[in-house]
Each structure stands twice: as structure tokens, then as C-alpha cells.
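Okay, thanks for making time, everyone. I've got one structure to walk you through, so let me put it up on the screen.

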Amino acid sequence: MISFEEALKIVLENAQYLSHESVKLEDSAGRVLAIDIHADRDMPPFDKSAVDGYAFKRDELGKPLRIVENIAAGYVPKKEIISGTCSKIMTGAMIPAGADFVVMVEDTVEVNGFMELREKEEEFRKRNNICYKGEDIKEGDLLLSRGTLISAAATAILASSGFSVVSVSKAPIVGILSTGDEIVEPDVTPLESQIRNSNGWQLRLQALSTGSAVKYYGIVKDTPELLHKALTKSVQECDITIITGGVSAGDFDYVPGIIKECGFNILFDKVSVQPGKPSTFAVKKAYPNENTAENKDCIIEDYIYGNIDNNSLQQKQNRRTSTVSNVIFALPGNPVSSLIQFEMLVKPYIIRSMGGNYLPLKLSLPAAEDFTRKNAERLSLIPVAINPDGTFMPVRYNGSAHIAAMAHADAIAEIPVGVKQILAGQKATIHIFR
Ligand code: AMP
Ligand code: MG
């Protein structure tokens, strides 16, 4: 049995990098950037007013000033400000030549074409209400790095940098299979001995949330022939296959054997973690010489820096993206195990395969109350709620089949190997899944 850290390392080292594609900005949400983004101009691109007000010379603060122009945002001022004059100016409009100060319209009165201050001029000296050219960003600044997940803020940066089309990593196709003779879909009334399929639906949503495309293959019976057929189909059609159930030591747990029959190497099949011990990871290295993470990175880098052209890149990458699937994650059937192990192992893999660097947000937070466990041999991942005061509290949780507990959890607490007790006030590492 290997530690969770070793398992994650193996998973990430075996990431099969995907090629790039160009997508429209509106289709880029949640995708991973394939290039660095630099600013093509200063931001703001000109000295601009931060408020609706009047622009003039600072030295003339307090004097009645004749209004010579009304400058709307988007227009170039025509009048230079000279002694005794000001221009009315709107938020975001260009500061006219000769002006170095703006007062807010709310602090002024307009009398017969002149602007006068309402209050004493000392009140206004502190802020000149001008945003200077380049004060946020200078032309050429690195704004977003390759590997960044395209969030709302990243989209704003792309839009303001003039990208209507973006180079992103291709999204992996994730195949999802549930196994078990006892499993039925939600639209079927279960018999006394049956369980509804929750894993398939939950994993589908988890995979979609990474930006992956999903092929949902439904439920496969615990029969070697059917499992072989279903797994073969998924590995042919998808980049990543996730199969749940049938990986433990039961008489009908055929999945590991079938994975091997399909020509995959199992890199681990037991992880010292709870829940999720039987989590299994298998690879089929189609092109062993090119498949190391390092080589894939070099191919992409060569392309980005112009060392190889798009055709060569496609050729190299097409070899990988042919019909051969690369990896299989076989997760335990218990719903909490599959949910947590997706977040802990599968999601980092998916994002890495797109060239991204996913790290869950990890916080060190104090426990709200004492927590004890009987067995401390494995890393424990327990569902917790986070209180408004920043403490965490385990939710009522009966074990890895208790999926209802997850609906009340905000995060997962790590209880390290060897630690049996966390007292109130003691800190633990809390994973916030994003
Ligand atoms: P297994 O890993 O196949 O031994 O399954 C472990 C437990 O998880 C059993 O109680 C199964 O009934 C349950 N289980 C397996 N697959 C699913 C599924 N797709 N949805 C909900 N529960 C499942
Ligand atoms: Mg089963």
C-alpha cells in the first residue's frame, strides 16, 4: 500500500498532455490557457478621470472657473485648459491637456457657465481623481500564464487584451462507467436488494466542472465479459476512463483483472487513505518514448516558442490522440470514496493533462470541537463544515457510504497518519475544493 502523496505523484507524473485548439472567448470558460498573455497596451491607456466632475489646474482650486468643454467618455478633448478655465468631464474620459486635477460634480455648483466649489478647498486637496496612463498595467506585462484556468477574472483580462479567440488545451474526453449487479439508474424503482446509481451522475458533474467532455456509459453488470466489452469501448473512445465499484476483494470484483486484460499496467491499487483505499490507477502507454511529462511539455513549448510548426505539433499530438486511451481510474463504489478520490486524484490529473496546475485551496484551520478516531494507520479525509468564526467541525458522517453527509460539508479535513485525536483549537489542513 502506498501513501496518498505517492499516489498523487504517480498520477501527475503519468499525465498525458493534450494538444491545443483555438476557441472563441465565449466558449473558453473553465478551459486552460495554452499561451502566456501579455498586455498589448498600457492600462489605463490614457490619463483618465475617476469621477464625473470638472478638470482644471490644481493651482486654481477654489477660484470660479469658466467651463469651456463637456468631455464625454470615448471622446478626445479639443480644448486645452488654461488659467481661469475648466472642462466638465465624465468618468473614464480623457483628461484634457493643461489639467492636472478633477473635483467631483457633487462637490460643485454651476453658476452662469462657471464652476464653483461647495465646500472649502482644503477638503479636496487630498485626491486629484485622476487614474494615470499605465498605472494598473504596462504594455508587455505578463497578465496570465500558460496553464491558468479561465475564470471570470481571467476572461476579463483576455477581453481587455483584445482576445476574441483564445488558444487553450483540448479538453479531455472522460468516460464514466458504474459497475454492480445491484445498481440501478434513478428512473428505476429499486428492488429491496438494489441501490441507485449515484456515482455515475456525481462523477459526470465533477468531470464536467473541470471543463472535460463526458461520455456516460451507464451501469455495467459484474460479469467479466460485459466489463471487458464496456471498458474496451470507453478506452477506445476516451482519453480518461473512470470506473467505479468492483475494485475491492469481493468475489465479484473483476475490475482489476479486466483492466490488465485490456492491456493496461496498474501503477497502484491500494492507497493508504480513508475513504478510498482500493483506488486504482492504470496506464496504457501508447508511445513510451514521447509520453513522459517532460517530453510532452517540450513539444508544447517548442510550438509556443516557434521551434516547430503547427503541422508537426499536430502530427506529434495526433499520435497520442488517436484512438488509444491512456489512463483508467478505478475508484471504489462507495459514493463518498468516489467523490473525494475524484477531487484528490482525478481532478489534479485532468487539469495537469491540460497543462494546468491545479492545487486545491488548503487552509490550516482550528477545530471547533474535539475529534477522535480509533484507527490512525491511514490518512483520513473527513467531510467538515466551516463555521463563520473560521473553525471547522466534522459533519455527522457514518462512513464512506454516507453520501448525504457530503451535502452538509464545505470542505475535507486531513487527519494525518498516526494522529488519533485533534482537540478543539488544534489546527488541521482543510481542503476547499474549487
Ligand atoms: P464495490 O466497490 O463494488 O464493492 O461497492 C461498494 C459499495 O458501494 C457497495 O455498497 C455498492 O452497492 C456501492 N456502490 C457501488 N457502485 C455504486 C454506485 N454507482 N452508486 C452508488 N453506490 C454504489
Ligand atoms: Mg460492486
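First, a reminder: what you're looking at is a predicted model. The protein has 28 strands and 8 helices. How does its radius of gyration compare with that of a compact globule? For 434 residues you'd expect a value near 22 Å from a compact globule, but here we get 30 Å. Along the principal axes, the C-alpha atoms fill a box of roughly 95 × 60 × 40 Å.

As for what's covered, 44% of the 434 residues count as buried. The protein exposes about 21200 Å², and 51% of that comes from carbon and sulfur atoms. Now contacts: take the ones between residues at least 6 apart in sequence, and 73% of them join residues at least 24 apart.

Okay, let's go to strand E21, residues 327-331. Is it covered or open? Mostly covered: 5 of its 5 residues are buried. Val327, Phe329 and Leu331 point one way, Ile328 and Ala330 point the other way, and all of these are buried.

And who are the neighbours of E21? Strand E17, residues 240-244, runs parallel to E21 and is joined to it by 5 bridges; in that pairing, Thr244 has Leu331 as its bridge partner. Strand E20, residues 280-283, runs antiparallel to E21, with 4 bridges, and there Val283 is partnered with Val327.

Just as background, most peptide bonds are trans, and most residues other than glycine have a negative phi.

So where are the cis bonds I want to show you? One joins Met43 and Pro44, with omega about -10°, and Pro44 is in the loop between strands E2 and E3. Another runs from Gln274 to Pro275, with omega near 5°.

Then two asparagines with positive phi. Asn112 has phi near 50° and is in the loop between E8 and E9. Asn129 is at about 60°, in the loop between E9 and E10. Buried or exposed? Asn112 counts as exposed because its relative accessibility is 74%, which is over the 50% cut-off. Asn129 counts as buried because it's at 7%, under the 20% cut-off.

That's my tour, happy to take questions.

Technical notes: Residues are numbered from 1 along each chain as its sequence is written. Chains are lettered from A and ligands numbered from 1 in the order in which they are written. This is a predicted model: local features need pLDDT of at least 70, side-chain atom pairs count only at pLDDT 80 or more; totals for chains, interfaces and linings use all residues. Side-chain values use heavy atoms; hydrogens and water are left out. The radius of gyration is taken over C-alpha atoms; the globule rule is 2.2 Å times the number of residues to the power 0.38. Buried means under 20% relative accessible area, exposed over 50%, partly exposed in between (1.4 Å probe, protein chains only). Contact means heavy atoms within 4.5 Å. Accessible areas come from the Shrake-Rupley method with a 1.4 Å probe; for residues, only the protein chains shown count as cover. Two strands pair if DSSP finds at least two bridges between them.
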